[in-house]
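These are my notebook entries from going through one model, element by element. I wrote down what I looked up and in what order.

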Amino acid sequence: MDSHAMTIDGRADTDSGAALDVANPATGEVFAQVPQCDRQQLDEACAAAERAYRPWRADDAGRRRALSRMADVLERAATSLARMLTQEQGKPLAEARTEIARSALWLRYYADLDIPREVTSNDAGDRVEIVRRPLGVVAAIAPWNFPLLLAVRKIAPALRAGNTVVLKPSPYTPLTTLAFGALVRDDLPPGVLNIVSGPEPLGAWLVSHPVPRKVSFTGSTATGMKVAAAAATGLKHITLELGGNDPAIVLPDADPDHIADSLFWSAFRNNGQVCAAVKRVYAHERIQGRLLDALTARARAVRVGDGLDETTELGPLSNPPQLGRVHELVKDALAHGATAVTGGRPLHQPGYFFAPTILSAPPGALRIVDEEQFGPALPVVPYQDLEEAIFLANAGEYGLTASVWSSDGDRAAKAASALECGQVTVNAHATSICPSLPFGGHKRSGIGVENGPWGLHEFTGLQVLPCPAA
Ligand code: NAD
């Protein structure tokens, strides 16, 4: 049984009364344990982050160097970390390697990002400087679908801006994040990055702890609302990256055979457990049948299995509640007029596997269309005219990302601009998620953004100072 340590004040902390089991979703078997952080350890982590804050804030060059070294460390350990990530999360090894590589990319981006001085004048004509000051201690909370990357998307800009961090990974997937903390422990001053593990209410304790001045949260909309309410009590800054129910609109001039592969992977990558994934397709009624055939052929050909097998393309669902949720929504769809063209049920084997599912969905209300299913099941709904498709795509509480698929670029771009969300792409989905571009949801998909200078700004407050002589 592997056991892992938390990082508190630059030390490995395994001293925990109770251990939390971590299961491999491909087998359902527990293979590792992590500490369950208690209130006293959380206090220690927050106090350490507070002590480390002022010297860290003052050392701009040191912060850049530390982020670069963290990227180097990740790249050197990529093979073992990718294996660990697959074992705890279920994704195929190739995707785990990509997640580690992208985490390093984010660290390098922020290591290299300048925080420019802005100089302007006040009413009296005196030159003043507007500076971005860090906020203090950041509470960072991550989900289980991209455990390391989504943690690094907080750590990198928070640290670059001069904050210190207490990070809490999901109790389903704490291992890679704890291992990362252990690997970079010597590259950071004690207390700058503290990583604590455990089941709820650890996240709730962290959000309501008096020390953090900022909460950066990625997870479901339901939890995000609780986080916002708790953060409001302490008047804390928040960034919330929440759920999505992304639509893809397929125009009648699209070629189903041509787009099927890309559309399929836009929905099924990481087994559909991606916030910015296609979760409902609106296909023009003239091509819905051909699109269903093309997507079904793709779904039937996909290799489902243990992510540690290099030939696997789709792993298991990540945890039992997620498997249960997908099954419940698919059963509900089948009971209300949808047809499973392929799949539609869990696979009878150890682990949390669900057959890749393509649903022909009738127009009208259906839970799997209206709610975020976050799994390998894709409803394809027919529409008659584009206005109707845009109305349906904009319906509902989410507004994360969306896509339009067509052979006419101008027509697709016009439809794209009518969609209410944080990012729209044409003939691809969510391909503009990169370190330099803002990413965030509209409506109940979130508050604020991550990435780019905009993401860094979320970890700062503005201050007007007299301009030093040139
Ligand atoms: P979740 O909301 O259940 O949990 C997210 C994190 O919050 C976990 O670490 C959990 O332990 C913690 N948590 C739970 N209750 C808390 C509380 N009361 N206070 C503080 N923290 C608490 O979400 P999940 O199931 O881990 O992740 C899936 C969800 O995340 C999906 O809805 C998905 O769309 C969303 N997500 C969004 C983005 C984005 O960038 N918008 C990215 C990835 C995932």
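**Ground rules.** I am working with a predicted model, in which local features need pLDDT of at least 70 and side-chain atom pairs count only at pLDDT 80 or more, while totals for chains, interfaces and linings use all residues. I number residues from 1 along each chain as its sequence is written, and the side-chain values I quote use heavy atoms, with hydrogens and water left out.

**Domains.** I looked up the domain assignment, whose bounds come from an automatic or database source, and it gives the protein chain domain 1 (19–242 + 445–466) and domain 2 (246–435). The centres of domain 1 and domain 2, taken over C-alpha atoms, are separated by 30 Å. Counting contacts (heavy atoms within 4.5 Å), I noted that 30 residues of domain 1 touch 31 residues of domain 2.

I take helices (H or I, at least four residues) and strands (E, at least two) as DSSP runs numbered from the N terminus, and I call two strands paired if DSSP finds at least two bridges between them. Strand E11 (residues 214–218) and strand E12 (residues 237–241) run parallel and are joined by five bridges, with valine 215 standing opposite isoleucine 238 in E12. With helix H8 (residues 221–233), E11 and E12 make a right-handed β-α-β unit; right-handed here says that, with the strands pointing away from the viewer, the path from the first strand over the helix to the second runs clockwise. E12 is also joined to strand E22 (residues 446–447), by two bridges in the antiparallel sense, and there leucine 240 stands opposite isoleucine 447.

**H8 itself.** I checked the length of the helix against the expected span, which is 1.5 Å times one less than the number of residues. The 13 residues of H8 should span 18 Å, and the end C-alpha atoms are 19 Å apart, which agrees. For burial I use relative accessible area with a 1.4 Å probe and protein chains only: buried is under 20%, exposed over 50%, and partly exposed in between. Which residues of H8 are buried? They are Thr221, Gly224, Val227 and Ala231. Seen down the axis of H8, these buried residues fall within an arc of 105 degrees, so they line one face of the helix; the arc is taken from the directions from the helix axis to the C-beta atoms. They pack against helix H7 (202–208), E11, E12 and strand E18 (398–399), whereas the face of H8 turned away from its buried side carries the exposed residues Ala222, Lys226 and Thr233.

**H4 and aspartate 112.** Helix H4 (residues 93–112) includes aspartate 112. H4 has 20 residues and reaches 29 Å from its first C-alpha to its last, close to the 28 Å expected. The buried residues of H4 include Leu93, Ile100, Trp106, Leu107, Tyr109 and Tyr110, and among the elements that cover the buried residues are helix H2 (60–76), helix H3 (78–89) and helix H5 (147–161). Aspartate 112, by contrast, counts as exposed because its relative accessibility is 57%. I also noted that aspartate 112 and serine 68 are 44 residues apart in sequence and 8.4 Å apart in space, C-alpha to C-alpha.

**E19 and E20.** Strand E19 (residues 401–405) pairs with E20 in the parallel sense over four bridges, and valine 404 stands opposite valine 426 in E20. E19, helix H14 (residues 409–417) and E20 make a right-handed β-α-β unit.

**Backbone points.** Where does a cis peptide bond lie? I found one from glutamate 200 to proline 201, with omega near 20 degrees, and proline 201 is in the loop between strand E10 (193–195) and H7. Leucine 235, in the loop between H8 and E12, has phi near 50 degrees, a positive value in a residue other than glycine, and is exposed with a relative accessible area of 68%. Lysine 443, in strand E21 (residues 442–443), also has phi near 50 degrees, but is partly exposed with a relative accessible area of 36%.
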